[in-house]
Amino acid sequence: MNRRTLLANGLLLILLVGTAAAETTLISLEDDQYISGEFSLERRLNHFEAPLRSHGRFILSAEHGLLWQTEVPVKQTLILSGRSLSRLTADGEVEALTSDSDRVGQYTQLINKLLNGDWSAIESRFHLEDSGSDTDRWHKTLTPDEQGALFQRIEISGGRFVERLSIHKGSQNRDRIEFSDQSLHDGPLPEDIRTLFTATGS
Amino acid sequence: MKYRALVWIALLIAASLWSAWQLNAGAIAIDADYLAFVDSGENAASGLQATHRLLTEDNRRALFVVGHDNHDTARQQARDFIASLKALPQTAAINSPVADSDDRGERLLKHYAAHGGGLLSRADRRKLENGQARPIYERALAEIYAPAAMTTGAGLRADPFRLLPAFLRQLQERSAGFDRAIKHNGRSHVPISVRLDEVTTAQRHDWAAAVTAAIDRVHDADAATQILHTGPLFFARAEENRARQEVRRIALLSTAGIVLLALAVFLSWLPVAGLLITIGGGLLAGLTAAVTLMDTIHVIALVFGSSLIGISVDYAFHYFAVHDRLGDGYGNRRLRRILPGLTLGLLTSLIGFAALAVTPAALLTQIAVFSAFGLAGAYLTVVCLLPLLPERGPAPWLHDNPGLMQLVHRHRRLFQRNSARYALLAVWFIGLIALPWWLQPDDDVRVLGYSEAQLVSNSETIQAITGQGGRADFLLIEAADTQTALQLEETIRERLTPLIERGQLGGLIAIADFIPSLQRQRDNRQLVAEKLHAPYADELAAAIGNPVTPPDTDELLRPDRQTLALWPQLDTLLVAQQPGTHLVRLQGMDDADAVDAALADLAGAQRINPVAVVNNALAGYRVWAYVALLLLLAGAAVLLVSRYGRRHGLLTLLAPASGVLLALLATPLLGVTHNFFTTMALFLVFAIGADYAIFLRESHADAFIEQTYLAVLLSLASSLLTFGLLASSRIPLVHDLGLVIVVGLTAAWLCATLSLAAHPDDKEHNPS
């Protein structure tokens, strides 16, 4: 093998590695997989000087939806499944916070689709733009197709997992959610978690 | 004679031009709605007005359910279907979870947010009353910190404990289930409720046809999608289509039958033309009277009226059958021979129509006007035009036909036998005593029509999926003013909620659910201030890191036009021009007694069953029809006694009266329902039956008795043909009418020779 061949093979290797890195995409969850991790949420509201902040843990399942467990400032368990947003009461009961037609229901469904990377469903109502990527991260910007939509703009970025979500609601109302310490689990959801989803009818 | 004919022809031409012009200008509306039976005028009781209003509204509504195994596909198919509904000009409003939900949700929130603090869901109010404010506080935190929170700064400041979203969720749950997609048997179903503009019956039917075609297109394109539809307008259209098909079939067959009969008897087209001219003259006169004297005519009045002026066929048969072989140009002499009988027959019928016209029921007046003028028109056509026609008598095979003469003789002698007289006497004696027990009136409007099996199945499935449909009772609220009515509705809600929880009642829709009374809103504000803000404001402020202040608005929600416009279904619950008179819709009522018991001591609330209201109206019509029938009998008795003397007058009357009695006694055995409509059929039995007896009586002494008998036979045959075909109908109402008339006329014909009974000439007419 001469030097020219070595150089060519080296370049090819670099090219292959580079291509592989550029193709880093959001993992696609199978039905028997789920992601767990931590989140921190910062909610800026007009007329309120201080932003509202919370953090806690989450579990995301393609089959069932999103479990959102706030630990600070209050302990709360929320279940987002399909178009339904529910909370676990102190009595252990599941209380619905949405009806099928209201905006929270639509928002709940959108959040689930965003975290699952269900771009084809999102594209039916949003203009989706790749707003830049580097070797191990991707960025997307979503703008609604129709007037009077829920949001002005959504920015989402991540690598294998969604890492940051910024939602601009207009009138200086804005949410920013960061996800960290995420890991992929093979196998079904733990029984107690699945029971919660089942209680919401999902 | 010619001068008379020219005047009548000129009048008929003028009448046809006038009627065409009036019909073209829309001077008269044809009403096909059974609601016409419910008196809704200014003087009608508020219950009747309310029923009329509610049923009128229901007739403008349709309900659809779009189903698919996949939730998103069901929603998308529903959106596409809604687009096709919106494209129809008659569509006024659409209510569905997938119809304009973004915009609607925003509008609701904005409007109600301006009146925050006084609006509490029933569950929240209960919790606060019971000192359980903590779950409400925790729910507020959950909503504020949810990843999918629509909270804005302005919204949170106005409603820090998030009471308004809970109130709006409750409204959406109560608003007839049309704000949620529904899972049923593993499939997703999207309900769509549609309200039409105030359009004519024909336009409603056009809309139903277009919608049915759109549904077929969806089913053809995607077999996995199922769109079910229901609503009174679909049933009405199916019923009208069925009725139209049957009427076309019956009209064609009976006209062909009568023409063949006339051809067989007269062997000439001339009498056929005479029959058609007479019927046409009668119809035109009836129609002209209707368009001139009325704004609206019900289709039932038209049908009855047209049947009654079918008597005009008898006049024409009578004219042509009484044949004197004098040849052409002796029409007037021929007419003079039958004119007394014809005139007496007309007068007897007019007495019946006059009796109908004096009843307070608009429908009966319409029937009376149309029929009286129609029959008079037919009579004048016979008198003025038929004598101009060349002479055409019965065919040679009927001249002095021994069979016919034998029949006349035997029939004539029927009531000379004691056995027949006693039998008839016994029928009358037993019949009059037994009649009140024997007749079991059933005025239920629901058993009259023909319901398409597919529509009934659709309706039941939709009821199972949405919990909507079924018995549509309502409560009539009568209070001194609007606010008192709203408070009464709030009390009703409290009392009926246990029934809803136990499944005895599907639900209810009241204006107070959407716009609580001012008193309730003030109470709510006080409750929130004392039980929620006072103990939890500081804790909430600490949790969100911002100050929490009580709502600073004093504005209360009122039932103004803006608020009512947000909920189209509320429009029907307000009774116009009567502040304080509201309606409350009861849904899926399984136990009416339980509802009555729960509201027993509540003044100002009355449960009304719309079907019962319509049925009661029909029962009232039936009673008025009895009265009119008795007046007809009395009037005819006076007329016949004055013409024939007491004995023969009453015997002549006895023939059609026996037809009526025997129809009343015999038809229940054939499964005929006794109601207003079958009672009205007895008028026809009496009017035609009276003609039989009068025609025979008038010619009892002359040489034309056999020919008159032939005319009566022809009349009977044509009536049996027409009404026998009606009896073959699959529409219960039409079937029953046909049977009553067939039985009654046969009996009236059998008894017709009573008018000849015990006459001194009887023995001379024995051909043997």
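**Figure 1. Packing of helix 18 of chain B against strands of chain B.** In this predicted model, the buried residues of helix 18 of chain B (buried meaning that 20 or more other C-beta atoms lie within 10 Å of a residue's own, with C-beta atoms placed from the backbone) pack against strand 2 (61-68), strand 4 (182-184), strand 5 (187-196) and strand 6 (226-230) of chain B. Helices (H or I, at least four residues) and strands (E, at least two) are DSSP runs, numbered from the N terminus. The buried residues in helix 18 of chain B are Asn458(B), Ser459(B), Ile462(B), Ile465(B) and Thr466(B). Seen down the helix axis, the buried residues of helix 18 of chain B fall within an arc of 130°, so they line one face of the helix; the arc is that of the directions from the helix axis to the C-beta atoms. Ala453(B), Ser457(B) and Ala464(B), which are exposed (12 or fewer such C-beta atoms), sit on the face turned away from the buried side of helix 18 of chain B. Helix 18 of chain B (residues 453-466) has 14 residues and should span 20 Å at 1.5 Å a residue, which agrees with its end C-alpha atoms being 20 Å apart; the expected span is 1.5 Å times one less than the number of residues.

Residues are numbered from 1 along each chain as its sequence is written, while chains are lettered from A and ligands numbered from 1 in the order in which they are written. Because the model is predicted, local features need pLDDT of at least 70 and side-chain atom pairs count only at pLDDT 80 or more, whereas totals for chains, interfaces and linings use all residues.

**Figure 2. Strand 6 of chain B and its pairing with strand 2 of chain B.** Strand 6 of chain B is mostly covered, with 4 of its 5 residues buried. Strand 2 of chain B and strand 6 of chain B pair in the antiparallel sense over 5 bridges, where pairing requires that DSSP finds at least two bridges between two strands. In strand 6 of chain B, Gln226(B) is the bridge partner of Gly67(B).

Figure 3. Although Thr722(B) and Leu252(B) are 470 residues apart in sequence, they are 9.9 Å apart in space, C-alpha to C-alpha.

**Figure 4. The side of chain A that touches chain B.** The contact takes 37 residues from chain A and 33 residues from chain B, two residues being in contact if their C-beta atoms, placed from the backbone, lie within 7 Å. Among the elements of chain A that give two or more residues to this side are strand 2 (52-61), strand 3 (65-72) and strand 11 (173-186), while the largest share, 5 residues, comes from helix 2 of chain A. The residues of this side divide into 18 nonpolar, 12 polar and 7 charged, where Ala, Val, Leu, Ile, Met, Phe, Trp, Tyr, Cys and Pro count as nonpolar, Asp, Glu, Lys and Arg as charged, and the others, Gly among them, as polar. The predictor gives the complex an ipTM of 0.86 and a pTM of 0.70.

**Figure 5. Stretches of chain A and chain B with pLDDT below 50.** The mean pLDDT (the predictor's confidence in each residue, from 0 to 100) of chain B is 83, and 90% of its residues reach 70 or more. Over residues 759-768 of chain B the pLDDT is below 50, and this stretch has 12 contacts in the model beyond near neighbours in sequence. Chain A averages a pLDDT of 79, with 80% of the residues scoring at least 70; over residues 11-23 of chain A the pLDDT is below 50, and that stretch has 3 contacts beyond near neighbours in sequence.
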